[in-house]
Structures are given as structure tokens and as C-alpha cells.
Amino acid sequence: MNEKLIEKKLREEIRKLGGRAEKFIPTYFVGAPDRLILMSGGKVYWVETKSTGDKLRDIQQTRKKQLEKLGFKVYKVDSQQALDRFIKDVRKDAI
Ligand SMILES: [Mg+2]
């Protein structure tokens, strides 16, 4: 599945749950994940979308680790299965 389709599905699933999946276009924070997922109750997730099989670049891997160290949840979503797992986690966290 290509990245554009995965992003579209991600936006739709998050919208269904009443949240926002905002495109994050950083000026200086190079390698930051593509989407900031904002959910009710102040819950925040970062998602890097990729075409199926594509790996994170080194800088993306570094940013993921930096964000995780701060306690953020960072997901790589590159397939329907990965999207389903992410949505399941978001639902589990929902109040
Ligand atoms: Mg991407």
C-alpha cells in the first residue's frame, strides 16, 4: 500500500474516533514524524506513515527515540495491519 493511501485511511479512522490527524510540517525539526494525532483528553501520538516495506531513515529513527524518551508514543504505520494495531491502541487509551 502506498503512503498516500495509508495517510488517507489514518485520517479517516482518527476522524471516526473524534480526533484530529494533523500533518506536521516542521521548519527545523527535521525527521519528525508525519502526523500529530490529537485525541480527546489531551492524548497525543506521533505517526510516521510509510509505503509498505519502507524503513525509517536514520534521522527519523533518531527523532522517534528522542520523542519516546520524552514519553510520547511514536508509531510507524506502513500497512493495514500496522494501522489496525495503532487504532486499537488509541481506542484502548480512550476514556
Ligand atoms: Mg512518511
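Colleague: What percentage of the 95 residues in the chain is buried?

Modeller: Buried residues make up 37% of the chain's 95 residues. Keep in mind that this is a predicted model. Buried here means under 20% relative accessible area.

Colleague: Now the fold. In what order do the elements run from the N terminus?

Modeller: Count them first. The chain has three helices and four strands. From the N terminus, their order is α-β-β-β-α-β-α. The radius of gyration is 13 Å, close to the 12 Å that the globule rule gives for 95 residues, so the chain is as compact as a globular protein of that length.

Colleague: What are the spans of the C-alpha trace along its principal axes?

Modeller: The trace spans about 35 × 30 × 20 Å.

Colleague: How do I read contacts along the sequence? What share is between residues 24 or more positions apart?

Modeller: Take the contacts with a separation of 6 or more. Residues 24 or more positions apart account for 54% of them.

Colleague: Which residues is E7 in contact with, leaving aside neighbours within four places in sequence?

Modeller: E7 is in contact with K23, D34, R35 and T49.

Colleague: Last, charges. How far apart are the mean positions of the positive and negative charges?

Modeller: The chain has 23 positive and 14 negative charges. Their mean positions are 2 Å apart.

Note on methods. Residues are numbered from 1 along each chain as its sequence is written. This is a predicted model: local features need pLDDT of at least 70, side-chain atom pairs count only at pLDDT 80 or more; totals for chains, interfaces and linings use all residues. Side-chain values use heavy atoms; hydrogens and water are left out. Contact means heavy atoms within 4.5 Å. Helices (H or I, at least four residues) and strands (E, at least two) are DSSP runs, numbered from the N terminus. The radius of gyration is taken over C-alpha atoms; the globule rule is 2.2 Å times the number of residues to the power 0.38. Buried means under 20% relative accessible area, exposed over 50%, partly exposed in between (1.4 Å probe, protein chains only). Lys and Arg count as positive and Asp and Glu as negative; His and the chain ends are not counted. The place of a charge is taken as NZ of Lys, CZ of Arg, CG of Asp or CD of Glu.
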